[in-house]
Each structure stands twice: as structure tokens, then as C-alpha cells.
Amino acid sequence: MKKRAAALLCLCVLALTGCAGRIELCLMAVCLGVDVGPEGVTLTVKCPDYTGSGREDPSGYLTLSASGPDWPRAVEALMAAAPAQLHFGQLREAVISRDSFAHLPAPRLLALIDRLPSVRSHAMAAVCPGTARKYIENAQPLIGKRLSKYLDITLQHSAREGSIPSTSLACALRDAGNGWRDPLLAWAAPGGEAGACALGAAGQITLLTAEETQLYHLIRGESQGWLLPWAGRYYGVTPHRAAHLSIEETGGRTTLVLRLPVTIVYSEYEEAPGPGAAAALEEAAAALLRRLQAGSCDALGYGCVAVRKYRTLQDWQGSDWPRRYREADVRVEAEARYRQQRLL
Amino acid sequence: MSRTETAVHDEKSSLRQRQRALHDQRRLMLALSAAGQLISFGSMYLLPAAANAAWQALLLQLLPTGALALLGAALRRTAPPGAAALPAYRAAAGVLALLFFSNMNVSFLSLVELTHVFFFPSVSRLLLALAAAGALGLGIPAADAAVPNAARMLRWFLAGAFLFCAATVLPTAETAYLFPLAGYGAGHTLRCAALTAGSVWATGAAAVLYPNAPGCPSLRGRLAPAAVILLAALMFFFCALVLPGPALAAPRGYAVRLQLLMEMSPNTLSWSLMLLAEMLLYLTAFAVCAHMLRRSLRLALRWRRAPLLPFALLCVPLALAGMSESEGLLTRLLPWRYPLAAAILAECLLCNLILKRKGKKA
């Protein structure tokens, strides 16, 4: 027993050798950019420069980019271009250029990113205008020195505000192409403009503004609040509970019904808003739903409701849900409560 | 006089208690082996097809498990004295050794795959498989009580890990993912059930391998196998709540499927616990199968000792063949194990009844 304990203690010594682990010698990619075009695939990564030379970037980050005629060869080229082995275990953001989806379907593209060696599936999936390469090159910590920390804080803050969706790679992969629900990815504009990018079932892309994205989060019951413009004033709207989605089928017509239980907050210096405020909210929610419908993006998950009527997956796949969703009527019923906000 | 009676009585009751505890341990050991195999099969075969059919198929396992347990109990009751020495029992033990070897292969395959993907991605698979086979072949102790004791200790960790994972997974759950209830149809669910039923035969095999073990009077011991399999079924139920079946239907590797499933929960601790629990379960399942293999070989060939290392090394080729080839091979072969094991137990039962009748006539 004593010998075994001594052997165990001796083995523990191996753990005291400092940073000799293979992973710690790898280049940890913080951001990944993906551009798919007719000429091939370009992958760009930004990772901390451990060499300490600071030649590439005074902020201490290396930007590596590689192209190939297809995905595997682009990955090979990127690995070959890196001065050390690339590791995606610390990835914070995977940015895909908007035009990429025209050349490669979203489920396939997301699956390919998720198959990168040791990729962190919690990384936020985002879409950018122009090229992702340029976006990654310009990515810099505006506050502090660490890009990973900066991205963590800014992305979390925006997601908490509801101005961007906090969809991770794994969640996007789950939702893309399964017919239950479509993913809503963050919109990464170079100027810092927030919003969302709704990926349609057939590859359509619909851009949502930051306000629309906040309204989407309000409907999902995930938002802290939304500002409702009505009669020249702004009223705070908070979700009372998560919205109730249902589908009505009457005479061959499908109607998407949204019951929205919310609390409209007004200050003690104002009068209580009338039913017109609830009607304005209904209108805004209906407009958002129609925009998502036009882009064939079921981001709210009406498919989750529709699928319950089918016994087998074959029945569900034969139901032509994407077309029915696109052509369905919309009805929004806001169940508004009014509350006066008091300072004390 | 009265002192002597008390001493004998104490000795008998303590012996009974020890036998009861040992029997409880054996049942638990078999249950953990079955749960390990179920999770392994579930991860590999069922989830890619339809997650919502997976837990239904696993719930269907309770029926064959119960049937095998009843068959085993009947076999134990009717076992003639010295049953292990009978040729029928020895032949049965030989076939059971082969079946336990197939279980060892599945556990080894899962272990190597997970270790390769999550711990040592840059190490070659051959080196890893050889190292794992060597470590397991030499490291698993030969003592009869070692594996049951380890299994006994593990159960609370596993139960706690499952509960924690369930608590963290449920907030991200979507009940709609359970629909359509029949997945790809009743036929597919039944095919999945037939595939996984091949791993629960171990619950009845103890009757052949431990013919003279006393009956277990405690309800807890009797329900242990069913409870652990139910736990595995519940785990898959949570998985079905988190991911829609078609999301995993794409031809992805085993580890990627598992990773996708585990990373649906934003809680890192639950992810780590899930991985740790799976690794421990595979490890226990491997150790249990190795123990049962050696025991059945001892019974079949009257070996004094059967070394584990050659059998562990024999598991290496399947782990090297790659997951898709191994999956294809195992999917074709393994469903036949359940009817084979049931036929062996039924044959032994018949043999017992014939011997009993002959004994009565004599």
C-alpha cells in the first residue's frame, strides 16, 4: 500500500512540470472568418501572437488567411500557413460572409465549421456583410488588451440587451435544416451596427434591425424589455411570460397565431396608454412575423407546434410545412397589462 | 448449550447477510454493464437515426430485461447440485464468453473513440488503442469482488451526475422535439429495440455463471438492473428533449454527435460530468464484461486463470477500423445476441427440468 502511495506521489511530480502541454503550445484561434465564393473557400483566423515579435500586428494578434478550391483544402492550407498547430478550443466568434450562403447551404457550412478540429461549439455564429476576411483583420480590442475578453464582454452585453441573438455554433447546427425551427444568427457589421440575420429554409437571408431583434427576444420571453414607440412617446414593454404560439387550420388556410402577454410600463408623469399601444405592439409583432415569413425563416419555432400533429417523421417531411408557413396568415393578440413605474 | 446455538445462529445469519450482499453486488454489476452498453449503443446507433425513437426503444428494453431476469431466476431455482460441471452449462458458458467478448469490444471502441477525440486528438489511434488495451488488460484486477465493489461505489456518482445533467438540460428542453412520437415509424423503433436488446441478456447470464448463488430476497437488489436501465432510458429522454432527431441524422462521427448533444447545455460542469460519467460507465462496463468473460471461460474450459490481456488486445482491430465500418459490422451482428442468449438460457432450463424428472424417477 505504501509503495503504491509512493508511486502515485511520484506520478504527481509529472504534473508539476509547468507549461509543457501540447495544447498550450498551439495557436489558439479567437475569431474565425469564412468566405465561400465561386473561386473557392477562404478561411481567416485571428490568434494571439505568442512569438512576441509584434511584427504582424502591434496589438499582439496574428491574422492568418488561407484559400483553397474547396473546404478540406482550405483547412489544410490554413493549417500549413500557421507557425504552430492551430487549436479552435478558445474560439469566441465564427463569422461567415453573407454571400457564402449563396454558394454553400447553411446546414452544410455550419456542419463543416463544427467539424474543425477541437472547435468550441459555444462560439457565437455571426454573419457579416462584405468579406469575413476583412472583418477579422479589423477585429481589435477597443477596450483592454485581450481580444477574447473584449469579445466575451461585448457579445454578452449585446445578447443581454437583445440587440443580437446569442446563437452558438451548436444551436445553429441544431436548428439549421431540421424543419422544426430556423436559426437566427448575429449580424456583425463592421461599424458595430447590431441586428440579426435570419437564415431561411431555402438559403434566403433576411436582415433584422436591432429593434426587430429585441422584439423577437420579447416574443421569445428572453428580453429584459423593449421600447414601444406610440403617439410620439416611448413605452417600456416587458414580457409577462413567454408568448404562446399556435396554428389554426380553417378551410385549407393556415393561420399563425401569436398570443403575446406583456406589461406596458409608463412613468408617473404620463397618462396610461390606451388600447392603441397594444394595437401598435400587435402591428409591430405582425410585421416582424411577416418579414420572417417572406424570408422563409421560422425563427420563432412554429414548426415545433406544427410537428405535433404528425405521427412519424415521414408524415412530417411530406407535409410541405415550409410552403404552408410562407403562405400562412398572421394573427397577433397582445394581452397587455399596464403598470405605472414609480421612482420609489 | 444455549451459547453454542447462538453462535451457530449468528454464523448462519452473517453468512446469509454476506451472500445477500454479494448477490446484490452482482446484480448491480450486471445492471451497470447493461446500462453502459445501452448508452454506448444509444449514442452510436439510435441517436443518428431518430432521437425521439431512442428513448422509446430503451424503454422497450425493460420488457426483455424482465423476461431474462425471470428466466434466470427460474434457471437458478431448478439448477441441480453441481450444475456447473454439466456439459450443457459448460457449452452455454462458452457461448456466453463470446457474447461478453462482443460487449468488451463495444465498450473498448467507445472508450478509444472518446479518449481520442476529447483527450488526445493528436495521438495516433493505433498507439492509443494499444496503450488502452495494455492498461486495461494489465490494470483490471483479477479479484472477484473488485469490479462489483467499484460498481457499487460508482452508482451514486452516476446517479448524481445524471440528476445534475437533467437539471441543467431541462431548462433548454423543447417538448416538441419528442414529436413525431413514432420517429421514423414503429418498425424503426422496433429495429432499434432489437439492436439494444442484444445488450441486456447479461441480466440473465448470471444464472449460468453463478449457478449456486442463493436467491436475493431484497427488493432493492431485484429492482437494481431495471432501475439502472430506466436511468439510461431517462437520460435518452432528456437527450430527445434537447435535440430533434433529424439534427443528428447527418453522417457525423460518434464523438461529434455526442459533443453536439452535450454542448446543447450551456453549463460546462454538466458537460464535463456527462463526459466523465460516460467514460466511467464504459470503463466499468469493460471491466464487468472482462470479469464475466474470465468467469465463463473458467467454467467452460476449466482454466485456473484466464489472462485478460490477450482479449483486450483482440479488441484493438475493431477500434482501428474506424467508427463507420465498426458501426456497420456491429449493427449487423449484435441484434442476434439477445435471441442467442435467450436460447442458451432456455436450453439450460430444459436440461434442468429433464434432470429433475430423471432424478424423481430414480
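1. Two residues count as in contact here if their C-beta atoms, placed from the backbone, lie within 7 Å. On that basis, residues 24 or more positions apart make up 66% of the chain A contacts that have a separation of 6 or more.

2. Some housekeeping before the rest. This is a predicted model, where local features need pLDDT of at least 70 and side-chain atom pairs count only at pLDDT 80 or more, while totals for chains, interfaces and linings use all residues. Residues are numbered from 1 along each chain as its sequence is written, and chains are lettered from A and ligands numbered from 1 in the order in which they are written.

3. Chain A overall: its secondary structure comes to 12 helices and 15 strands (DSSP runs numbered from the N terminus, H or I of at least four residues for helices, E of at least two for strands). Its C-alpha atoms fill a box of roughly 75 × 55 × 55 Å along the principal axes. Chain A has 344 residues, and 41% of them count as buried (20 or more other C-beta atoms within 10 Å of the residue's own; 12 or fewer is exposed, in between is partly exposed, with C-beta atoms placed from the backbone).

4. Now the interface: 24 residues of chain A touch 23 residues of chain B. On the chain A side, α7 (169-175), α10 (302-306) and α11 (313-317) each give two or more residues, and α11(A) gives the most, with four. By type, that side of chain A has 11 nonpolar, seven polar and six charged residues (Ala, Val, Leu, Ile, Met, Phe, Trp, Tyr, Cys and Pro are nonpolar; Asp, Glu, Lys and Arg are charged; the others, Gly among them, are polar).

5. One helix pair to look at in chain B: α4 (residues 87-119) and α15 (residues 337-361) pack at about 165 degrees with their axes 10 Å apart. So α4(B) is roughly antiparallel to α15(B) (the cut-off is over 145 degrees). Residues meeting there include Leu96(B) and Leu99(B) from α4(B), and Leu340(B) and Ile344(B) from α15(B). The contact divides into 11 nonpolar, one polar and two charged residues.

6. Last, Arg342(A), in the segment after β15 (329-341) of chain A. Arg342(A) counts as exposed because it has 7 C-beta neighbours inside 10 Å. The C-alpha atom of Arg342(A) is 6.8 Å from that of Ser267(A), 75 residues away along the chain.

Key:
Axes are lines fitted to C-alpha atoms, for helices over the stretch in contact, and angles run from 0 to 180 degrees between N-to-C directions. Angles under 35 degrees count as roughly parallel, over 145 as roughly antiparallel, 65 to 115 as roughly perpendicular and the rest as oblique.
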